[in-house]
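Biologist: I'd like to learn how to read salt bridges in a model. Could you walk me through an example?

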Amino acid sequence: MELTTVWFLLIAVLFTGYFILEGFDFGVGALLPVLGRNDRERRVLINTIGPVWDGNEVWLITAAGGLFAAFPEWYATLFSGFYLPLLLILLALIGRGVAFEYRHKRPDAPWKQRWDAVITIGSAIPAIGWGIILANIVRGVPLDTNHDYTGGLLDLLHPYALLGGATTAALFLTHGAVFLALKTNGDIRTRAGNLATRTIPAALALTAAFLTWTLTQRHNLTAITLAATATLALTGALAATRARREGWAFAGTAAAIGLTMATLFAALYPNVLPSTTDPTGTLTVVNAASTPYTLKIMSWVALVFTPVVLAYQGWTYWVFRRRISIANIPH
């Protein structure tokens, strides 16, 4: 297999891992005012993701770094053409991180309510924004022969992209609700489970519509198989949630997100950013890649350090694996 294809697969794996892991903490943040009825309950929700949310973002940093080194043309066109949406997502992520740190610095309710709002908005914007960006990458954008983006912000907000944003938002909200049912006890666990039984059908309908639309534009046998499996995973998650098997339900929503992302990357290959105006402007895994020597060096680095990062993150989840409840939160 060519190194360009290997690194396309690695970039796809890194972004897919990011959306699976950060997907549930986006969902928890967005559900903060829905499932947290008072300050102690909201602290339970925040504590479920407190030990892991920043580690989850390492996947995004690694994916962006790998994209920059392995496919500099793709990185340059993506970050210049999608500058405003990516800046909005970055500001939301920064605000959310600051809110996690500052929320408990003062005891008065208005202070905490303001930071809770920042957490909710800072979680909702990336959940929607990533779907809009992914949809545009798969569908393609206006690129000239120099691979420069020639459109504007409104060109990124067509119906297919908005459906992509609604789909990722629904998937992440559902993933977050299932995660809370898995990680908490008492009333919050019950409410999260009940909410998940209502959000999974909506996520299933949106995912099926989005993937069907995607396959009408770009498809191959691998993408069709992955898309069908993604909808089956969500159906399984619904059955597991109704049976109160939270572990299986979480595995189902994680698989659904992973398979949805895999469908998009499979449908996109061998392109990495199609041009909708000039076919010669389309970026592919070949014309967007770094030199073979650079990809070879990167492959050895990834071979050494990837197992270390995976082992460390697995250990983190193992240490903080227990359920928590309002009884664990001091007055």
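Predicted model: local features only at pLDDT ≥ 70, side-chain atom pairs only at ≥ 80, totals over all residues.

Biologist: How many salt bridges does the structure hold?

Modeller: The structure holds 12 salt bridges. To find one, look for a side-chain nitrogen of Lys or Arg within 4 Å of a carboxyl oxygen of Asp or Glu. Take E41 and R191: their closest N and O atoms are 2.6 Å apart.

Biologist: Which parts of the chain does that pair link?

Modeller: Distant ones: E41 sits in helix α3 (residues 39–49) and R191 in helix α9 (residues 187–217), 150 residues apart.

Biologist: Is E41 buried or exposed?

Modeller: Buried means under 20% relative accessible area. E41 has 9%, so it is buried. R191 also counts as buried, at 14%.

Biologist: Which salt bridges does E246 form?

Modeller: E246 forms one with R189, with 2.9 Å between the closest N and O atoms. Since E246 lies in helix α11 (residues 246–268) and R189 in helix α9, that pair ties together parts 57 residues apart in sequence. E246 forms another with R323, where the closest N and O atoms are 3.5 Å apart. R323 belongs to the segment after α12 (292–319), so this pair joins parts that are 77 residues apart in sequence.

Biologist: And how accessible are E246 and R323?

Modeller: E246 is buried, with a relative accessible area of 9%, whereas R323 is partly exposed at 29%.

Biologist: Which residues are linked in a network of salt bridges?

Modeller: Look at D39, R42, R43, R103, K112 and D116, which are linked in such a network.

Conventions: Residues numbered from 1 in each chain as written. Heavy atoms only, no water. Helix = DSSP H or I, 4+ residues; strand = E, 2+ residues; numbered from the N terminus. Buried < 20%, exposed > 50% of the residue type's maximum accessible area, 1.4 Å probe, protein only.
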